Amino acid sequence: METIKINNSVFLIPPSQPKLQANCAKEYGQFLLDCPPKLTILEAQQGGYLKGNKADFAIAISRPDRLLTINENFINEAFTELWVIPVTGELKDQFKGPASMLLSFLMHRRSKDSFAGLYNHFAHRAFQQWCEEGMPGDPKEFCYEAIASVLKNYVFCAEFQKVDGALGTYWFIQWSYRNPQSDFEKDALEAAEMIRSGAESGATLHWVTNETYERWALNAEVRPALTGVSEAEARASLQPQNQPVVPTRRR
């Protein structure tokens with residue numbers, strides 16, 4: 001087990017990936033943590049697996065869309081994977097005081113599109129700024145730096161929204177963002193930046209690896225939680241979703 005300690009805050013880096021689900025089925029519309037398969041919502045509630053319908057996060061990485069087949073309901077579908085540190089909500093409240101942990105979960109369909117919409121907003125705003133400043137240097141690099149600054153300075157808010165449509169009831173995650181409101185949230189943003197920087201610097205061992213986490217990385221080699229994160233993926237996590245990414249060296 002490894003931790004990141006910043007000021008009075010502590011963040012757990014689990015040796016293996018906790019099973020966090022953003023369940024958008026009609027009877028759920030909630031986060032579930034380490035929930036066994038095929039439980040009813042009553043069984044999940046009794047077992048303490050339900051973790052609420054909203055949470056705020058410091059985002060470490062959003063991995064580019066990948067086509068995945070999870071079960072008979074999700075065949076060759078595009079999913080976005082987020083690595084996050086909860087700062088509010090039941091996912092955070094499982095830890096008392098200024099403490100939280102690194103988690104990851106998958107999003108698809110309308111939840112994924114809502115998150116991508118924020119990235120498009122940031123990219124559009126950055127491009128406008130680049131034009132206003134006289135178009136200095138490479139616009140892609142300028143936008144990359146601007147979006148990186150957004151992840152470093154803002155907390156992202158996720159809330160399940162209910163939809164009653166022609167095909168029945170379902171839920172999706174509506175995304176927004178805000179300024180940090182406490183020293184703990186600022187510490188969480190700093191911890192997320194450390195994780196992101198570790199991946200971007202060329203780490204390819206699962207969640208993150210650098211000299212601070214050598215012992216954890218050895219554990220990850222034995223029990224891999226995720227596939228490796230390349231530099232291209234790390235850079236892609238800071239660019240508008242669904243856009244081609246060409247790896248470049250930052251100046």
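Strand β2 (residues 9-13) pairs with β7 in the parallel sense, over three bridges. Pairing here requires at least two DSSP bridges between two strands. Strands are DSSP runs (E, at least two residues) and helices likewise (H or I, at least four), numbered from the N terminus. Within this pair, Leu12 has Met101 of β7 as its bridge partner. The model is predicted: local features need pLDDT of at least 70, side-chain atom pairs count only at pLDDT 80 or more, and totals for chains, interfaces and linings use all residues. Residues are numbered from 1 along each chain as its sequence is written, and side-chain values use heavy atoms, with hydrogens and water left out.

The β2 and β7 strands belong to an open sheet of three strands, ordered β1-β2-β7, with mixed pairing. β1 (2-6) and β7 (99-101) stand at the edges; each has a single partner strand, so one side of each lacks a neighbour in the sheet. On average, neighbouring strands of this sheet are turned by 20° against each other, direction ignored. Axes are lines fitted to C-alpha atoms (for helices, over the stretch in contact), and angles run from 0 to 180 degrees between N-to-C directions.

Asp34 is not a glycine, yet has a positive phi of about 55°. Asp34 sits in the loop between β4 (30-33) and α1 (41-46). Its relative accessibility is 44%, so Asp34 counts as partly exposed. That class lies between buried (under 20% relative accessible area) and exposed (over 50%), with a 1.4 Å probe and protein chains only.

Met135, also not a glycine, has a positive phi of about 55°. The loop between α3 (109-132) and α4 (139-153) holds Met135. With a relative accessible area of 49%, Met135 is partly exposed.
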